Structure formats: C-alpha cells, structure tokens
Amino acid sequence: MNRMARIAVLAGDGIGPEIIDQALKVLDALRSRGFTFSATRAPVGGAAIDALGHPLPAETLALARQSDAVLFGAVGAPEYDTLPPPSRPEQAILGLRRELGLFAAVKRVAIPAALTHLSPLKNGRASGVDLMVVRELNGDVYTGQPKGERPAPDGPFAGQREGFDTMRYAEGEVRRIAHVAFRMAERRSGRLCSVDKSNVLATSRLWREVVTDVGRDYPRVKLEHLYADNAVIRLISSPACFDVILTANLFGDILSDAAAILTGSIGLPASALLGDGTQGLYEAGHGTAMDLAGRDMANPVACIRAAALMLRHSLARPDLADVVDQATDAALMDGVRTPDLAGTRAAVGTRAMGDAVVARLGTRA
C-alpha cells in the first residue's frame, strides 16, 4: 500500500497561487495511478504579512517541518519594499532554507529536440540539452561576514564610503554540496563539471581541492573543472556538453539563470532546494510577475515541472515524475503555448495550460 505523501503548499504572492493550482491539478490527476497525498495550504510572503504580520509565520514553518515536501509559489510585491529587510516577503524563503536545512539549489534545464526552436540559441545549438545546475546556497559572498559599509581605510579613495562583503567557504560546506552533485551525476550520465575561479580566489582553490577529493568516492563519475568565465562561454556555445554543473553560490546564481533562459522562457525550468535528507522545497524559481497576477496569463509549466522534481526526489515516485515530464513536453510539442511563448501564435491561459498537461497524462505519457 502506498504511503500518503504530505505536501505543504505555500502559494505566496502574485502569480504564485495560479501556478500552484495547476501543479496541484496535475498531481490530483495522478491519484488514478495510485498516488495518494494530502496538500495543506498555509500563507507565506506578502500574503502572510497581510494575514498574520510575518512573512514566515510559526504555523507555516511548523507545517513545512512536518511535511515530506514543500511546493512553493513565489513571494514579493512592490508594496512591501519599504519594510525593513528582515520583515520583507523574501525573508520567507531564506527562513525556510535555514530552518529546513536546505543548502543545495538544483535547477533542471531540458530542451526536447522538437522544442529547440523556442531557444534563443540558433543553428540547433540547444538540441539535446538536458542539464542540472547544483548550486551551494548558504555560503560564499552572499552570506559571509563581515559585510557592510565603512570609510575606506586605504588606497586612492581612502576616507570615502566603501561597501564590502566577505567571500568564504568551510571545507564541510563544500564537501556536502559536492556529494549531492556526484550522487546526481551517478544517476544520470556520469559527468560532472565543477565551476570555480581557483586561478584568483582562495575560496575557489579550497573548493577545487575538496571537490576533487570527494570525487574519489565516485569512480564512475568523470569530473571536469572549469573556470566560471569559460563555463559561461561553453554554456552559450555548446550547452549540450554539460550534464551536471556544480558550483558555489555566486557563480551558481548567474549560471542557473543563464541556463534557464536557454529554454526560451524562465517559465519553463523548475528548481528544487535540497538538504541531507529527502525533504525538499520545490518551486518554479521565477518571480511573482505582479503584472500578470489574476489575468490567467502566467506560464505554469515551471511549477508543474517542480511538482515532477518533488515526485522524483522527495516522494520516491520517479515513475510518476517521468509521466508528468512527458505529458508536459507533449503539450508543448503539440503547440499549446502561454503568452510568453506564443509569439504570433494563438495563446492559451494558465488554466488551459494545466488542462493540456492533464489531458496528455494518459494519452502520451
């Protein structure tokens, strides 16, 4: 008998509720295939500030902790920009990462051959792309201390205001994210590219040494090292050469967004935030798109693909993850397009896109 999967549904702001509804519609359609789950909703981000005065209320955090996985929409809106930084909607995702022990961001970018025309890359360079970017989330220059502003203590601009940040990594931080990436590469084609700037950065030299050491535990995985600038060049010129890309927080932020746009829209690739266990947070990874909210125009594909990642990594149903991915590809190949992808063709709305995927769960997958 299948165990009931417990999913915390945190829709958030803007288009978050609309795209979440389509992902849940797809999951509901899987009940006929023996998938049983409970989906419990809770407010997060701006919606939680309005309802409970905090972007990540205690009740929402408790629900997330008790769940097998979190399906996340999006947070943020201009009306909250005047709040102190610790009180803004975006603190919700940071709090969830910290409290759930999520330190790895994983983004899958896959472009079926029949959809390469959607990519901004021409001459077939996007054909065959199916890669994963594994980004360390909790270290690096974004979180390193100290940081702030001060009078410049030396140099040609001494005495003027300067901003400063600290780039740092501990060996254990690098080791644990490296294991995530190597395990992923083992399950795929056995190729891992680690990206750094070890020619100029002490943190990157440590990164490269530790990743190389971890690689000895995975003899079936072929490890390659690339400098970050060379990785960007290759990502644009020949993206199909990558399988799993492992990189630090700063470089991963850039590379994962660059990889996402190869598909033709940030509304297509999905993201997962993972830790040491099976629990994870799954999201489309794009913004709230307030200009589209409530207009039935948002692309729900990334959120539907996030649900597939959730099935694969947290809910032990890779078979159903394949079914969802295949049905989603089938809908796109059949020409079903939301406005961000339609160009001069007729577009469908958010709900119709979700319906199109559901309709193909039984016929194409």
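1. A network of salt bridges links Arg108, Asp130, Arg188, Asp243, Arg305, Arg312, Asp322, Asp325 and Asp329. The model is a predicted one, and the structure as a whole holds 29 salt bridges.

2. Within that network, which includes both Arg188 and Asp243, these two residues form a salt bridge whose closest N and O atoms are 2.8 Å apart. The pair links distant parts of the chain, since Asp243 sits in the loop between helix 7 (228-237) and strand 10 (244-247), while Arg188 sits in the loop between helix 5 and strand 8 (191-196), 55 residues apart.

3. Another salt bridge joins Asp165 to Lys147, with 3.1 Å between the closest N and O atoms. Asp165 belongs to the loop between strand 7 (161-164) and helix 5 (171-187), and Lys147 to the loop between strand 5 (130-136) and strand 6 (148-151), so the pair ties together parts that are 18 residues apart in sequence. Lys147 is partly exposed, its relative accessibility being 29%.

4. The side chains of Asp213 and Arg216 also meet in a salt bridge, at 3.0 Å from N to O. Here Asp213 is partly exposed, with a relative accessible area of 31%, while Arg216 counts as exposed because its relative accessibility is 59% and the cut-off for exposed is over 50%.

Conventions: Residues numbered from 1 in each chain as written. Predicted model: local features only at pLDDT ≥ 70, side-chain atom pairs only at ≥ 80, totals over all residues. Heavy atoms only, no water. Salt bridge = Lys/Arg side-chain N within 4 Å of Asp/Glu carboxyl O. Helix = DSSP H or I, 4+ residues; strand = E, 2+ residues; numbered from the N terminus. Buried < 20%, exposed > 50% of the residue type's maximum accessible area, 1.4 Å probe, protein only.
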